[in-house]
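Subject: Structure for you to look through

Hello,

Here is the structure I promised. Please open it alongside this email and follow the notes below.

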Amino acid sequence: MSVASINSFHTSISTLVTYIPLIATVVTCLFSVILARATLRYVEATDKGLALAREEFEREWTPDLHIKLERVSATEARVIVTNLAKSSVLLQLLQLRKLSHAVPFERCRLNDPLVGGMTWSQEMGKRILACTEKDFEGPIAASMTFYAAGRMFRTDWFRSHIHVRDGRILALEASTMPARRVRVVERKGPERRREFVQDLAASPPDKNASKPEEQFFVTGA
């Protein structure tokens with residue numbers, strides 16, 4: 001083998017050795033791109049899984065009440081509140097109004113717990129008739145304010161169609177569902193809550209003293 005051939009062979013080897021780091025860099029870049037794309041797909045799949053888990057959690061644990069007005073007799077009607085979520089709530093205020101009135105006509109203060117998946121009901125015939133008067137045919141709406149997880153919520157207005165003639169309830173049927181779920185009630189000032197737990201060892205209250213208005217209505221099962 002001639003000297004020129006040997007020198008050419010050494011030159012080829014030197015050139016190949018010189019290109020090895022460049023080839024390794026290119027291969028590393030390709031693997032980095034592949035790993036980056038795989039990581040992005042994994043992160044996207046994780047985000048979707050977290051979003052689904054969050055949506056399922058909110059669907060199960062976010063407070064969601066359903067209100068229905070039901071006719072019992074010609075002079076009596078019942079309000080039925082169903083807790084569709086798993087979290088328990090504390091019912092505070094039931095409001096009734098005709099859609100022609102912007103301000104609620106009737107307010108009934110409550111202090112009744114409602115466990116998730118359970119139903120609360122109470123007869124409200126006199127209040128409904130007071131809201132509609134003796135002769136009325138049209139929509140009537142009901143809304144509930146309640147505590148859940150330390151915050152106060154208010155449902156949207158659940159509508160029902162009622163027909164009253166001569167002070168007698170002829171028909172009362174649910175008409176439409178609200179478009180929005182419950183929303184948090186914003187408080188502008190400091191929150192003031194009544195004490196719901198009473199000391200049983202304390203001296204009993206005076207029976208002759210007048211009772212506040214919110215204790216007049218006794219809830220049913």
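Helix H2 is mostly covered: six of its eight residues are buried. Buried means under 20% relative accessible area, exposed means over 50%, and partly exposed lies in between (1.4 Å probe, protein chains only). The buried residues of H2 are Gly 125, Arg 127, Ile 128, Leu 129, Cys 131 and Thr 132. Just after H2, Glu 133 has a positive phi of about 70 degrees.

Before you go further, note that this is a predicted model, where local features need pLDDT of at least 70, side-chain atom pairs count only at pLDDT 80 or more, and totals for chains, interfaces and linings use all residues. Residues are numbered from 1 along each chain as its sequence is written, and side-chain values use heavy atoms, with hydrogens and water left out.

Overall layout

The protein chain has two helices and ten strands. Helices (H or I, at least four residues) and strands (E, at least two) are DSSP runs, numbered from the N terminus. Along the sequence, the pattern reads α-β-β-β-β-β-α-β-β-β-β-β. The chain has 221 residues, and 30% of them count as buried. Its accessible surface is about 15500 Å². Carbon and sulfur atoms account for 58% of that surface. These areas come from the Shrake-Rupley method with a 1.4 Å probe; for residues, only the protein chains shown count as cover.

Now the contacts, meaning heavy atoms within 4.5 Å. Take those in the protein chain between residues at least 6 apart in sequence: 64% join residues at least 24 apart.

The core

In soluble globular proteins, nonpolar side chains tend to be buried together. Here, the largest nonpolar core has 30 residues. Such a core is a set of buried Ala, Val, Leu, Ile, Met, Phe, Trp, Tyr and Cys residues joined through side-chain atoms within 4.5 Å. Leu 91 and Met 144 have the most contacts inside this core. Elements that give two or more residues to the core include strand E3 (89–98), helix H2 (125–132) and strand E6 (136–148). The largest share, six residues, comes from E6.

What does Leu 91 touch, leaving aside its neighbours within four places in sequence? Its contacts are Leu 65, Leu 110, Asn 111, Asp 112, Leu 114, Trp 120, Met 144, Thr 145 and Phe 146.

A sheet of three strands

Three strands form an open sheet in the order E1-E2-E5, with antiparallel pairing. Two strands pair if DSSP finds at least two bridges between them. E1 and strand E5 (119–123) stand at the edges, each with a single partner strand, so one side of each is left without a neighbour in the sheet. E1 and E2 pair over seven bridges. Ile 67 stands opposite Val 81 in E2.

Ile 67 also features in another pair. Its C-alpha atom is separated by 9.6 Å from that of Asp 156, 89 residues apart along the chain. Asp 156 is found in the loop between strand E7 (151–154) and E8. At 12% relative accessibility, Asp 156 counts as buried.

Salt bridges

How many salt bridges are there? The count comes to three. The rule: a side-chain nitrogen of Lys or Arg within 4 Å of a carboxyl oxygen of Asp or Glu.

- Glu 106 and Arg 127: their side chains meet at 2.7 Å, N to O. The pair links distant parts of the chain, with Glu 106 in strand E4, Arg 127 in helix H2, 21 residues apart. Glu 106 is buried, with a relative accessible area of 15%. Arg 127 is buried too, at 11% relative accessibility.
- Glu 70 and Arg 78: the closest N and O atoms are 2.8 Å apart. Glu 70 is partly exposed at 26%. Arg 78 is partly exposed at 24%.
- Lys 48 and Glu 44: the closest N and O atoms are 3.7 Å apart. These residues are separated by about one helical turn, because they are four residues apart in helix H1 (residues 3–61). Lys 48 is exposed at 51% relative accessibility. Glu 44 is partly exposed, with a relative accessible area of 44%.

Best wishes
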